Amino acid sequence: MKLERIDRHRWRIPRSGGMFVDGIVYADAQMMADLQNDQSLEQVRNVAHLPGIIGASLAMPDIHWGYGFPIGGVAGMDAEEGVVSPGGVGYDINCGVRLLASALRREEVSPHLREIVTHLYNNVPTGVGEGRRDLRLSSDDMRGVLSEGAAWAVTRGLGEADDLDRIEENGALPNADPDLVSDRARQRGATQLGSLGSGNHFLEVQYVAEIYDEPVAAAFGLVKDQITVMIHSGSRGLGHQVCQEHLRVMVDAARTYGITLPDRQLCCAPIRSPEGRQYLAAMAAAANFAFANRQVMSHWARESIAAALGVAPGRTGLHVVYDVCHNIAKFETFQIDGKERRVCVHRKGSTRAYPAGHPQTPAAYRDVGQPVLIPGDMGRYSYVLAGTARAQAQTFGSTCHGAGRKMSRSQAKRAVRGRDLIEDLERRGIYIRAAGMATVAEEMPEAYKDVADVVRIVHEAGLSTRVAQLRPIGVIKG
Amino acid sequence: MAPQGFTFVDHTADVAARLRGATLDDLFGAAAGALTAAMTVPEAVAPRQSRAVTLEAADLELLLVDWVGELLYLFETEQFLVAAARPSVAGHDRGWRVEAEISGETRDPARHPVKVLVKAVTFHGLRIERRADGYETLLVFDI
C-alpha cells in the first residue's frame with residue numbers, strides 16, 4: 001500500500017480507486033513498521049470509501065484491527081449528504097471510561113485495600129450475565145434509562161445531581177428513541193444495568209502517580225498520591241444486540257441505496273434515510289444505557305469504598321472528574337474551510353478531546369480543556385490528558401482511547417502458562433479479583449501495547465496533552 | 001476431505017473459528033459447536049432440554065450470522081448452553097431457511113466455567129465456500 005510520511009507523526013494513504021478522501025494515520029516510525037503486518041491500514045483505506053466522508057479517514061496511534069472500521073478510527077460524515085455505519089461505532093455502543101477522584105490519600109487506603117476490593121467485587125457484578133437483584137428494570141424503568149441515561153440513575157438516588165455536569169453530553173444523547181430498541185435488546189439489557197461485563201472491562205482503584213501539568217491537573221482536581229477510581233464498561237448485551245440487528249438492516253440498505261463497499265462489515269445507510277435515522281436513534285438509546293450503567297456502578301463503588309473504610313459515603317469525597325465515550329457516532333459542529341459544518345463523527349475506539357473555551361467543555365474545565373481518559377492495561381497505568389485546539393482542527397476533536405492488544409488471547413495464555421499472574425501482580429502492589437481467571441491471563445499486561453507510547457504520540461502530535469498518570473492498586477474484572 | 005467441525009484460529013483481538021461441513025447442515029452444526037466451545041467446556045454441557053429454532057435470511061452468510069446470533073441470545077437471556085444442534089438448511093424462493101432442534105442446558109457455574117463471553121457474531125471474513133468435499137468458512141466472534 002502506498003504510504004507517504006507527512007510529518008513526524010502523520011502518514012498519508014493517498015486517495016485512489018473508490019476512495020473519496022485520503023487516509024491519515026497518527027503514528028511514529030516504529031508503530032508504522034509494526035502496522036505493516038496488520039490489516040488495519042487497509043481498513044483506514046476502506047473507510048475512505050464511505051459516501052459523504054469529510055477531510056480524511058483518520059486513525060489514532062492505538063490503531064489496530066477491527067470489524068470494518070479499524071479500532072482507533074475516526075470518520076466525520078457530512079450530516080446531510082453522508083452515511084452512518086454501525087461498524088464505525090462497534091458492537092459495544094458507548095463503551096467508555098469514567099474517572100472518580102477522592103479526598104483519600106494512598107497511604108490511608110493501602111492498609112485496607114483487600115477489604116475495598118472485596119467490597120467492590122461483591123457489590124459491582126462482573127462477568128457472565130446478571131446485575132444486582134436489587135436493581136431490576138420494569139419496562140417503564142427501561143424507557144427512562146434509554147431516554148435519560150445517567151440522569152435516570154441520579155433521580156433514582158444512584159448518584160449526585162452534579163455528577164451529570166461532568167459527563168460527555170451530560171450523560172444522555174438527545175434524539176434517543178426507546179421504541180426503536182427491540183424487545184430482544186431490552187431483554188439482554190434488563191438484568192445487566194449496573195454490571196461491568198468481561199474482556200478488557202474493569203473497575204480499578206488507582207493513585208495519581210505522576211503529574212505532568214500542574215495547573216491543568218489542579219483544574220481537574222488531581223494531586224499526587226490521591227486515590228482515584230476508574231470504570232471501563234459500556235452498554236452490555238443491549239448495545240451488542242442493537243448493533244447486530246442494525247448491521248443486518250444496513251447490509252440490505254447499502255444495496256438499496258447503491259452504495260458499493262469493500263467490506264460487508266462497513267455496511268451503512270444515508271444519515272437522512274429511514275434506516276440511518278433509525279440506527280442513530282437506537283444507538284443513542286443504547287449509549288444512554290451505557291451512561292446509566294457507569295453511573296450506577298459509580299454509586300456502588302462510592303458505597304463500597306466507604307463501607308470498607310467504615311466511614312460515611314460523603315467522607316471519601318469521591319466525585320466524578322469526567323466520563324467519556326470511546327465507541328460512538330454523534331452530531332458535532334466544526335469549522336471546516338472557514339464554514340461551520342454539522343458533522344456525524346464516528347469514533348470507534350477514540351475519545352473526544354475538546355479544547356479550552358469550547359461550549360461543551362464543562363464550566364469547571366473551560367479554561368484548560370476537556371479531560372480525556374485513557375485506560376491502560378491492568379498491570380501498568382492509565383492517563384489523564386486534556387483536549388486541544390489542534391484536535392479540533394485536525395481530527396474532529398478526537399484523540400486516542402487506550403493501548404490496543406498486541407497478543408492474541410491464546411498467545412497470552414501460552415505466555416502466562418506456569419506463572420501465577422495474580423501473585424505476580426500482588427508482588428507489584430496490585431490486588432485483583434476476577435470472575436474468570438482465564439480473563440486475567442488473556443488481559444495480562446504484556447498482551448497490550450504500552451499505552452505510554454500511544455499517549456506520547458498524541459501529546460507530541462498535539463491532539464491532547466499529558467496531565468497525569470494513574471497507577472492501579474486494586475482491580476475487579478469479569 | 002478436510003476434518004469436519006471447527007478449529008479455532010489465532011486472532012489478536014477476538015476469537016475466530018474455521019468451520020467445515022460435508023453439508024450445509026453440518027456447517028451450521030459446526031458453528032453451534034464453535035460457539036459453545038468458545039464460551040465453556042463443551043464436554044460438560046448435557047442435552048437436558050431441547051428448543052426449536054426457525055430462521056430465514058436472504059443469503060447463506062446472513063443466515064449463519066442470524067443462527068449463531070440466536071444461540072447467543074438464548075445464552076444471554078436464559079443462560080442456555082447448546083450441547084448439540086441438528087440444523088436443516090434449505091433454499092427457498094426468497095432465500096434460505098434453517099430449521100433446527102437444539103439440545104442443551106442452563107449454565108451451571110460449577111460445571112460450566114466461562115472461557116470467554118462472546119458479545120456478537122461478525123461478518124468479518126465470512127464467506128461460505130463450496131468445495132468438492134463440502135463447505136467451509138471463517139466465523140469471527142467479537143468478545
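Let's start with a hairpin. β1(A) and β2(A) form it, with two residues between them. Strand β1 covers residues 4-7 of chain A, and its pairing with β2(A) is antiparallel, over three bridges. Look at A:Arg5: A:Trp11 of β2(A) stands opposite. One caution before I go on. This is a predicted model.

Now, the sheet around that hairpin. How many strands does the open sheet of chain A have, and in what order? Seven, running β1-β2-β3-β4-β5-β13-β12. The pairing is mixed. At the edges stand β1 and β12 (327-336) of chain A. Each has a single partner strand, so one side of each lacks a neighbour in the sheet. From one strand to the next, the twist averages 25°.

Further in, look at β3(A) and β4(A). These two run parallel and are joined by four bridges. There, A:Val25 stands opposite A:Ala59 in β4(A). A helix packs on this sheet: α2(A), which touches β2, β3, β4 and β5 of chain A. The direction of α2(A) makes about 160° with that of β4(A).

Stay with that helix. Is α2(A) mostly covered or mostly open? Mostly covered: α2 spans residues 40-47 of chain A, and seven of its eight residues are buried. The buried residues are A:Ser40, A:Leu41, A:Gln43, A:Val44, A:Arg45, A:Asn46 and A:Val47. Note that A:Arg45 is among them. What covers the buried residues? The cover includes strands β2 (10-13), β3 (22-26), β4 (53-64) and β5 (71-78) of chain A. Helix α1 (29-35) of chain A is also part of the cover.

Let me step back to chain A as a whole. Its secondary structure comes to 15 helices and 19 strands. The C-alpha trace spans about 65 × 50 × 50 Å along its principal axes. Does the radius of gyration of chain A agree with a compact globule, or disagree? For 478 residues, such a globule would have a value near 23 Å; chain A has 21 Å, which agrees. Of the 478 residues, 62% count as buried. Then there are the contacts. Take those in chain A with a separation of 6 or more: 77% are between residues 24 or more positions apart.

Two residues in chain A deserve a look at the backbone. Most residues other than glycine have a negative phi. A:Asn94 is not a glycine, yet its phi is positive, about 55°. Where is it? A:Asn94 lies in the loop between β6 (83-84) and β7 (96-105) of chain A. Buried or exposed? A:Asn94 has 31 C-beta neighbours inside 10 Å, so it counts as buried; the cut-off for buried is 20 or more.

A:Asp225 sits in the loop between α8 (214-220) and β9 (226-233) of chain A. Here the neighbour count is 12 inside 10 Å, so A:Asp225 counts as exposed.

On to chain B. It has an open sheet of three strands, in the order β3-β5-β4, with antiparallel pairing. The edges are β3 (49-57) and β4 (80-92) of chain B. Each has a single partner strand, so one side of each is left without a neighbour in the sheet. Neighbouring strands of this sheet are turned by 15° against each other on average, direction ignored.

β4(B) pairs with strand β5 (residues 95-106) of chain B over twelve bridges, in the antiparallel sense. B:Arg86 stands opposite B:Glu101 in β5(B). Two helices pack on the sheet. Helix α1 (residues 24-39) of chain B touches β4 and β5 of chain B, and its direction makes about 155° with that of β4(B). Helix α2 (residues 60-78) of chain B touches β3, β4 and β5 of chain B, at about 145° to the direction of β3(B).

Last, where the chains meet. How many residues are in contact? 28 residues of chain A are in contact with 21 residues of chain B. On the chain A side, α7 (183-190), α9 (236-256) and α12 (409-416) each supply at least two residues. Which element gives the most? α9(A), with six residues. By type, the chain A side divides into seven nonpolar, 15 polar and six charged.

Key:
Residues numbered from 1 in each chain as written. Chains lettered and ligands numbered in written order. Predicted model: local features only at pLDDT ≥ 70, side-chain atom pairs only at ≥ 80, totals over all residues. Contact = placed C-beta atoms within 7 Å. Nonpolar A, V, L, I, M, F, W, Y, C, P; charged D, E, K, R; others polar. Pairing = 2+ DSSP bridges. Axes fitted to C-alpha atoms, helices over the stretch in contact; angles between N-to-C directions. Rg over C-alpha atoms; globule rule 2.2 N^0.38 Å.
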